[in-house]
Amino acid sequence: MSVMDSALRESLKSLRLSGMLETLDARLAQAHGGELGHLDFLQVLCQDEITRRETVAFQRRLQRAKFEQQVTLEEFDFTASSKLPAAQIRDLGALRWLHAGESVILFGPVGVGKTHIAQALGHFTVRQGAHVRFAKTSRILAGGHADRTWEKRIRELVRPDVLILDDFAMRQLSAAHADDLYELVSERQGRSLIITSNRAPSDWYPLFPNPVVAESLLDRLINTSHQVIMNGPSYRPNKRPKNPTDKPAKPPVR
């Protein structure tokens, strides 16, 4: 290693340009071999650093999202049921709803893939540079104000570009929980939500003890959301690990 090479490495370390440092040997070999001119050499090194930073930032956003599973739209089996609105779901991948500050509501029976689609949309949003947070609705409301963490919790939930509320409207809400949801949705005004629920939005109203709170919160939420009805047989059997000894199921007798 020449004195110049050593000095360059030390400079890159001091400037925290580890992306350049990691590929320096390969790029120097290309330059010495005549594959890269002076400006090309500098440009490629800069791109290496940009790529490294983008990768680190992506991994950091992915970690902060707290997904249960890292899944994508590309790996979802839309052929599992002819009742799935595949075109509508794929269209959501364009993220026009995100840029407009709108929300997405995925509802239907248990097991049809609502949580998968919600997390897949969230994953794609992360890939586009946005900040996402996934959470079970019941866990958000757990403890309420009794544990004195609500203020901190709501600040964390208001911040992301997209908040995914999984298993929304599972059961009757207490007055305190309804008020907390109202505060959360109000504070996130203009920022997108992705909601999954086993109930249709029209069935959410009776779950709120105060009709005024229900009307104010749900009308605002529902009227600014893309509603996706997911129906059909359970998607979960398709995700089970295959046993090599399993025999294929026989077709039903007609």
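This is a predicted model: local features need pLDDT of at least 70, side-chain atom pairs count only at pLDDT 80 or more; totals for chains, interfaces and linings use all residues.

Colleague: Which residue forms a salt bridge with D166?

Modeller: Here is the general idea to begin with. Side chains of opposite charge can pair when their charged atoms come close. In this model the partner of D166 is K136, with 2.4 Å between the closest N and O atoms. The two residues lie in distant parts of the chain, 30 residues apart: K136 belongs to strand β2, and D166 to strand β3 (residues 162-166). K136 is buried as well, at a relative accessible area of 16%.

Colleague: With which other residue does K136 form a salt bridge, and how far apart are the closest N and O atoms?

Modeller: That residue is E68, and the closest N and O atoms of the pair are 3.8 Å apart. E68 counts as partly exposed because its relative accessibility is 44%.

Colleague: Which residues are linked in a network of salt bridges?

Modeller: The network links E68, K136, D166 and D167.

Colleague: How many salt bridges does the structure hold?

Modeller: There are eight. One of them can be found by looking at R96, which pairs with D91 at 2.3 Å between the closest N and O atoms. D91 is partly exposed, having a relative accessible area of 43%.

Colleague: Now for helices. At what angle do α9 and α10 pack?

Modeller: For a helix pair, look at the angle, the distance between the axes and the residues that touch. Helix α9 (residues 175-187) packs against helix α10 (residues 211-222) at about 35°, and their axes are 10 Å apart. Their crossing is left-handed. On the α9 side the contact uses A178, D179, L181, Y182, V185 and S186, and on the α10 side V213, S216, L217 and R220.

Colleague: How do the residues of that contact divide into nonpolar, polar and charged?

Modeller: Six are nonpolar, two are polar and two are charged.

How values were computed: Residues are numbered from 1 along each chain as its sequence is written. Side-chain values use heavy atoms; hydrogens and water are left out. A salt bridge is a side-chain nitrogen of Lys or Arg within 4 Å of a carboxyl oxygen of Asp or Glu. Buried means under 20% relative accessible area, exposed over 50%, partly exposed in between (1.4 Å probe, protein chains only). Helices (H or I, at least four residues) and strands (E, at least two) are DSSP runs, numbered from the N terminus. Axes are lines fitted to C-alpha atoms, for helices over the stretch in contact, and angles run from 0 to 180 degrees between N-to-C directions. A crossing is left-handed if the near helix is turned anticlockwise from the far one by less than a right angle, and right-handed if clockwise. Contact means heavy atoms within 4.5 Å. Ala, Val, Leu, Ile, Met, Phe, Trp, Tyr, Cys and Pro count as nonpolar, Asp, Glu, Lys and Arg as charged, and the others, Gly among them, as polar.
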